[in-house]
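Welcome! Let's take a friendly walk through this protein, starting with the whole chain and then looking at some of its parts.

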Amino acid sequence: MLLYPVRWGPDAKLQDEYIYGLIVPVLPSWLPTRTGIPQEEVQFWTSAMLAAFGFANLLGSPFLGWLANRSPSRKTFLLLGLLLLGAATVMLSLGTDIYVLVVSWFFQDLSAAIIYTGGLALVKDTVGLDEIGKWMGFVLSFANAGFLILPTLGGLIYGKLGANAIFLTMGINVMLDIILRLGMVEKAGPRSNHLPENGDRQPIALLCVLLTVLGFAFSLTIPPLAADLASAVEHIIGENPEIGGEAGAYGQAFYLLNCGIPAGVLAGPSPAGFFHDTFGWRVMGWTLAVLSASAVLPIAAFTGNQESGSREDLNVA
């Protein structure tokens, strides 16, 4: 059964989303209660924990990819990651010092990177190169659903049952994953245990650089888009004060913005995998480039300085 081994790929990616999605929405209110830090330092330490989360992935992924190729089995590699994830979750749930929480958050993402790396390598071992695009699209689409569901779930659990219920949920999830992976059956046959030859590393290095530039460019788009959205909401409320109620409509507006990003993350991998397998890498790249460039038109038409833009433009924005 092909889906049996392939299902561990989305499950591995989902572990990363599970951690991030459940905890991040409650950090600003949970950190002062747990650690006693003053309210004016909450933003700094929230950013520090998120930075530690990303730094662990950036620092660990190259070494973990190398280690995954030399592990005696994918199952062993994944189980080690899950055990580290369980230990880091216990550390996070019991810690009361802010530095302990930052360190535990670092190890949580490091362990999630182990699971993610091993899970995707397992997908490749199972489906081979001919269908890798399609199945990677399936894996990432399934797992990225966590972006849509888990922040809301985390907020509901925290609001109704408290932080301990979140950590209990995470612990149960890790334990179930360990039990299921103990029953995992790897595909028999040889698998690649070599890094690319020197001649093949140059395009890989170039791809890494381009992906870094892509991530940087994406980061540049969000702050001005959020600021412009706030200006549009302010203009609309100025004309119709009853729309937002006492709290204003900013929360709803930014919620829609926040939903738009994971919706794209959820919908994108499967079509990209289809274009890759059907037409090749070059056509897939050009298709994504044209799709990205098409966003310039509505941005140019409907966003910008509200003083120079028309009232209709602001309403559309």
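## The whole protein

Of the 317 residues in the protein, 36% are buried, where buried means under 20% relative accessible area, exposed means over 50%, and partly exposed lies in between (1.4 Å probe, protein chains only). The protein exposes about 18000 Å², and carbon and sulfur atoms supply 70% of that area; accessible areas come from the Shrake-Rupley method with a 1.4 Å probe, and for residues only the protein chains shown count as cover.

This is a predicted model, in which local features need pLDDT of at least 70 and side-chain atom pairs count only at pLDDT 80 or more, while totals for chains, interfaces and linings use all residues. Residues are numbered from 1 along each chain as its sequence is written, and side-chain values use heavy atoms, leaving out hydrogens and water.

## Helices and contacts

The protein has 14 helices and 0 strands. Helices (H or I, at least four residues) and strands (E, at least two) are DSSP runs, numbered from the N terminus.

Among contacts (heavy atoms within 4.5 Å) with a separation of 6 or more, 80% join residues 24 or more positions apart.

## A look at helix H8

Helix H8 covers residues 163-182. Its 20 residues reach 29 Å from first C-alpha to last, close to the expected 28 Å, which is 1.5 Å times one less than the number of residues. Buried residues in H8 include Phe 167, Met 170, Val 174 and Ile 178.

Pro 224 sits in helix H9 (residues 198-239). Pro 224 counts as partly exposed because its relative accessibility is 49%. The C-alpha atoms of Pro 224 and Thr 303 are 9.5 Å apart, although 79 residues separate them along the chain.
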